[in-house]
Amino acid sequence: MPSTLNATLSATDTPVAEKFAAVDKNAAIEKQAAVEKQAAVEKQEYRDAMARLGSAVNIITTDGPGGRAGFTASAVCSVTDTPPTLLVCLNRSASVHAAFTQNQVLCVNTLADCHESLSNLFGGKTPMEQRFEAAEWARLATGSPILTDALVSFDCKVTQITSVGTHDILFCEAVALRRNDDSHGLVYFDRRYHPLMRQTAC
């Protein structure tokens with residue numbers, strides 16, 4: 001005699017399974033919506049919070065087919081030491097953007113405590129020639145301008161560019177370095193410049 005057990009279970013279990021699957025799916029959707037709502041951060045709130053993230057001040061320079069250009073940046077950090085790579089964030093609406101993407105080389109000049117006015121100059125709308133006339137420059141491997149009295153200069157070739165939001169992230173491999181061990185540093189914190197004193201050996 002054929003059994004009706006399997007047929008009976010199949011007929012009753014399928015809707016139950018579908019019901020539980022639907023409940024799980026709805027719960028997952030609600031959880032994701034709650035996370036997205038909780039994670040929402042206003043632009044100004046984010047900017048105010050980032051102002052509390054102290055960082056070194058740098059002038060990023062380039063020269064080549066796209067022309068000579070430079071701008072002030074704090075959005076610089078190390079990526080890896082093998083190969084020696086750092087990143088620089090550059091707004092795609094910046095007037096210097098084309099020069100950097102065309103030249104594919106740059107120098108990260110980390111500023112000393114005496115460079116506050118130079119930082120403001122490269123961070124404003126001063127014509128490019130006047131910016132460079134305000135300091136002394138040299139060149140290493142890539143031809144990018146090297147600030148002669150910078151705390152440290154990383155002469156780099158751009159190896160990769162990734163776009164995120166309004167900015168391009170330039171991954172830069174250092175091909176030459178120059179250090180100045182006699183100067184103090186400069187940091188930007190809470191929308192103000194602060195000198196950073198080097199510790200001398202006792």
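# Close-up views of a predicted model

**View 1. A hairpin with two residues between its strands joins strand β4 to strand β5.** The model shown here and in the other views is predicted, and local features are reported where pLDDT is at least 70, side-chain atom pairs only at pLDDT 80 or more, whereas totals for chains, interfaces and linings use all residues. Residues are numbered from 1 along each chain as its sequence is written, and side-chain values rest on heavy atoms, with hydrogens and water left out. Strand β4 (residues 76-81) and strand β5 (residues 84-91) run antiparallel and are joined by five bridges, where two strands count as paired if DSSP finds at least two bridges between them. Within this pairing, Asp-81 stands opposite Pro-84 of β5. Strand β5 is also joined, by seven bridges, to strand β10 (residues 167-179), and these two strands again run antiparallel; here Asn-91 stands opposite His-167 of β10.

**View 2. Strands β11 and β12 form a hairpin that has two residues between the strands.** Strand β11 (residues 185-189) pairs with strand β12 (residues 192-196) in the antiparallel sense, over five bridges. Phe-189 has Arg-192 of β12 as its bridge partner, and in the hairpin Asp-190 takes a positive phi near 55°. Across the protein chain there are five helices and 12 strands, which are DSSP runs numbered from the N terminus (helices H or I, at least four residues; strands E, at least two).

**View 3. Phe-71 and Phe-100 are among the residues that touch the most other members of the largest nonpolar core.** This core has 27 residues, a nonpolar core being a set of buried Ala, Val, Leu, Ile, Met, Phe, Trp, Tyr and Cys residues joined through side-chain atoms within 4.5 Å. A residue is called buried under 20% relative accessible area, exposed over 50% and partly exposed in between, with a 1.4 Å probe and protein chains only. Five aromatic pairs are found in a search of the whole structure. In one of them, the rings of Phe-71 and Phe-100 are edge-to-face because their centres are 5.3 Å apart and their planes stand at 80°; rings of Phe, Tyr and Trp (its six-membered ring) pair if their centres lie within 6.5 Å, and planes under 30 degrees apart count as stacked, over 60 as edge-to-face and the rest as tilted. The pair links distant parts of the chain, with Phe-71 in strand β3 (residues 69-73) and Phe-100 in helix α3 (residues 97-103), 29 residues apart. Phe-71 is buried at a relative accessible area of 12%, and Phe-100 is buried at 1%.

**View 4. Phe-122 and Phe-132 form an edge-to-face aromatic pair, 5.3 Å centre to centre and with 85° between the planes.** Phe-122 lies in helix α4 (residues 116-123) and Phe-132 in helix α5 (residues 128-133), 10 residues apart. Ring pairs link Phe-122, Phe-132 and Trp-137 into a cluster. Arg-68 lies over the face of Phe-132, at 4.2 Å from the ring centre; a charge sits over a ring if NZ of Lys or CZ of Arg is within 6 Å of the ring centre and within 35 degrees of the ring normal.

**View 5. Over residues 3-9 the pLDDT is below 50.** The protein chain averages a pLDDT of 88, with 84% of the residues scoring at least 70, where pLDDT is the predictor's confidence in each residue, from 0 to 100. Where pLDDT is low, the predicted coordinates should not be read in detail.

Key
Contact = heavy atoms within 4.5 Å.
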